[in-house]
Amino acid sequence: MPNIVPVSDLRNYKNVLSQVKYGSPVYLTKNGRGDYAIVDIHELDELKALKGLFSELEKGEQSARRDGWISIDDAEERLGL
């Protein structure tokens with residue numbers, strides 16, 4: 001179950017931060033709407049890495065659509081497999 005608390009609960013920030021666990025962020029609401037999320041620092045690092053990976057995959061797909069796809073055999077040869 002997600003941890004959802006009003007941003008005003010940050011007055012007792014130690015209590016809010018104690019609820020943050022890897023894989024279980026705390027979502028802060030303002031005026032009843034989601035506004036912020038507090039995540040474990042290691043999880044944030046992983047999310048940044050995933051964002052970078054997806055960005056590179058998107059570049060590859062754009063390149064393939066523009067310049068054409070290569071066969072699996074060609075890919076393995078270029079990678080030295």
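**Close-up 1. Asp67 and its partner Arg66.** Asp67 is exposed in this predicted model, with a relative accessible area of 56%. Its partner in a salt bridge is Arg66, and the closest N and O atoms of the pair lie 3.4 Å apart. Arg66 is exposed too, at a relative accessible area of 61%. With the salt-bridge limit set at 4 Å, the 3.4 Å separation is why this pair qualifies.

**Close-up 2. Glu61 and Arg65 in helix α2.** Here we look along helix α2, which covers residues 41-67. Glu61 and Arg65 sit 4 residues apart in this helix, so about one helical turn separates them. The two form a salt bridge in which the closest N and O atoms are 2.4 Å apart. Glu61 counts as partly exposed, at 30% relative accessibility, whereas Arg65 counts as exposed, at 64%.

**Close-up 3. Lys30 and Asp35.** The side chains of Lys30 and Asp35 meet in a salt bridge, with an N to O distance of 3.5 Å. Lys30 has a relative accessibility of 38% and counts as partly exposed. Asp35 is partly exposed as well, at 39% relative accessibility.

**Close-up 4. The salt bridges as a set.** How many salt bridges does the model contain? The count comes to 4, among them Lys30 with Asp35, Glu61 with Arg65 and Arg66 with Asp67.

Definitions and conventions. Residues are numbered from 1 along each chain as its sequence is written. This is a predicted model: local features need pLDDT of at least 70, side-chain atom pairs count only at pLDDT 80 or more; totals for chains, interfaces and linings use all residues. Side-chain values use heavy atoms; hydrogens and water are left out. Buried means under 20% relative accessible area, exposed over 50%, partly exposed in between (1.4 Å probe, protein chains only). Helices (H or I, at least four residues) and strands (E, at least two) are DSSP runs, numbered from the N terminus.
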